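My notes follow in the order I took them.

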Amino acid sequence: MLKILELSKSYTALVLQDFSAEFYPGEVVVLVGENGAGKSTLSKIIAGIVPPDHGMMDLDGLPYRPANRRDAESLGVRIVTQELALIETLSVAENLMMNHLPHYLGWIDRRNLWAQANQILTDLGLGQIDPRAPISSLGIGHRQMIEIARGLMGPCKLLILDEPTATLTPHEADQLFFQLDRLKRLGTAVIYISHRFEELRRIADRAIVLRDGKVVLDHPMNELSDETMIQTMTGANSITRPVRTKNRFGPRALMVESLSDRGLIRDVSFDVCQGEIFGLAGLVGSGRTEVLRLIYGADKKRTGRVTTSHAVSTISDANKSGMGFVTEDRKGHGLLLDQSIGFNIAVADLDLIS
């Protein structure tokens with residue numbers, strides 16, 4: 001279906017070098033490699049988001065060089081990127097149907113819009129999401145599922161998925177894999193990027209390993225071991241396995257007592273010790289993110305107490321106590337995208353450089 005010959009791309013450095021491969025109908029090919037290996041760059045070139053510097057592509061035997069993403073989609077090539085492209089001020093339905101909103105006499109047919117969107121969500125196992133709800137009201141996991149649902153709409157010869165399960169629960173990932181099985185039966189070719197080997201073994205027919213922008217392995221997935229893929233990705237001759245030692249934790253570093261907000265969180269209590277990695281698990285919407293925001297002082301708690309070396313009620317208190325916070329939505333809440341890298345690094349503690 002898709003043939004690629006000696007595709008290359010440079011930014012300040014060479015990120016993709018002479019990539020050549022073929023992709024067939026009904027096949028799931030996983031792209032594997034360390035961060036910066038060129039996986040996302042290749043995907044964006046295929047999807048028309050960025051142009052290549054050199055190389056050729058054929059789709060169904062015809063020259064293929066999409067001018068933009070819309071051009072690629074018109075030829076049946078769709079992508080779900082790591083960066084969500086949803087419009088937060090619009091509803092779930094409007095985001096889903098953006099390119100083909102139902103209308104009557106020049107006006108958007110809202111009733112038909114809600115009905116079509118609801119059917120799409122139900123078919124994908126997302127019937128619990130209100131199609132009229134604004135995207136801004138959804139957690140990052142549900143937003144990712146909406147992005148995937150949009151990518152699965154319409155004719156699709158080739159579907160590219162870049163780390164699609166990074167924010168999904170196991171149940172939501174199962175729903176995605178069910179849809180991929182359906183697409184395979186329909187003859188859709190799938191390019192799948194992930195670092196989760198258990199996922200790759202579940203869905204992949206073939207693995208292509210990239211290292212420093214070059215193809216270093218192209219082989220059937222069922223003939224590859226995890227160790228072989230890791231060695232090929234890193235270029236290491238052997239894998240050093242960590243030595244497991246008994247955990248010895250220090251004194252208590254964080255105490256959370258009877259923490260509640262005005263909605264989802266009710267009477268949460270736990271302690272975390274120095275040297276301990278404490279995991280907070282749950283389904284999307286269970287309150288994991290809300291608990292962390294309350295602890296850090298990003299949201300106002302209704303009841304309860306957070307204590308480190310002293311009481312923490314605000315972000316200022318948290319920073320003074322040596323607490324750091326990495327947000328769930330890096331793009332929306334974690335970075336100032338119109339500012340420089342240097343400014344983003346420094347903005348968390350301007351007192352150090354003033």
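First, a cut-off I need: a residue is buried under 20% relative accessible area, exposed over 50%, and partly exposed in between. I also note that this is a predicted model.

**Entry 1: aromatic pairs**

I searched for aromatic pairs and found 2 in the structure. I took phenylalanine 270 and phenylalanine 278 to begin with. Their ring centres are 4.6 Å apart and their planes meet at 15 degrees, so I log the pair as stacked. The cut-off for stacked is under 30 degrees between planes.

Phenylalanine 278 has 37%, so it goes down as partly exposed.

Then I looked up tyrosine 296 and phenylalanine 325. This aromatic pair is stacked too, with 5.1 Å from centre to centre and 25 degrees between the planes.

Tyrosine 296 is buried, with a relative accessible area of 11%. Phenylalanine 325 is partly exposed at 28%.

I stayed in the loop between H10 and H11, where threonine 327 is placed. Threonine 327 has a relative accessible area of 12%, so I mark it as buried. Which residues does threonine 327 touch, leaving out those up to four places away in sequence? The contacts are His333 and Gly334.

Back in helix H9, I looked at arginine 288. Arginine 288 is partly exposed, at 27% relative accessible area.

**Entry 2: strand S3**

How many residues of strand S3 (residues 28-32) are buried? The count is 5 of the 5, so S3 is largely enclosed by the rest of the structure. I sorted its side chains by direction. Val28, Val30 and Val32 point one way, Val29 and Leu31 point the other way, and all are buried. In a regular strand, side chains alternate between the two faces of the sheet.

Next I looked up the partners of S3. Strand S10 (residues 189-193) runs parallel to S3 and is joined to it by 4 bridges. In that pairing, valine 28 stands opposite valine 190. Strand S11 (residues 206-211) also pairs with S3 in the parallel sense, over 4 bridges. There, valine 30 stands opposite alanine 207.

**Entry 3: the open sheet**

I traced an open sheet of 4 strands, in the order S2-S1-S4-S5, with antiparallel pairing. Its edge strands are S2 (14-23) and S5 (62-63), each pairing on one side only. Strand S1 (residues 2-10) runs antiparallel to S2 and is joined to it by 6 bridges. Lysine 9 stands opposite leucine 16 of S2.

**Entry 4: a nonpolar patch**

Leu336, Phe343, Val347 and Leu350 make a nonpolar patch of about 300 Å². I located phenylalanine 343 in helix H12 (residues 341-346). Phenylalanine 343 has a relative accessible area of 33%, so I record it as partly exposed.

Methods:
Residues are numbered from 1 along each chain as its sequence is written. This is a predicted model: local features need pLDDT of at least 70, side-chain atom pairs count only at pLDDT 80 or more; totals for chains, interfaces and linings use all residues. Side-chain values use heavy atoms; hydrogens and water are left out. Rings of Phe, Tyr and Trp (its six-membered ring) pair if their centres lie within 6.5 Å; planes under 30 degrees apart count as stacked, over 60 as edge-to-face and the rest as tilted. Buried means under 20% relative accessible area, exposed over 50%, partly exposed in between (1.4 Å probe, protein chains only). Patches are made of residues with over 30% relative accessible area and no salt bridge: like charges are joined within 9 Å, nonpolar side chains (Val, Leu, Ile, Met, Phe, Trp, Tyr) within 5 Å. Accessible areas come from the Shrake-Rupley method with a 1.4 Å probe; for residues, only the protein chains shown count as cover. A salt bridge is a side-chain nitrogen of Lys or Arg within 4 Å of a carboxyl oxygen of Asp or Glu. Helices (H or I, at least four residues) and strands (E, at least two) are DSSP runs, numbered from the N terminus. Two strands pair if DSSP finds at least two bridges between them. Contact means heavy atoms within 4.5 Å.
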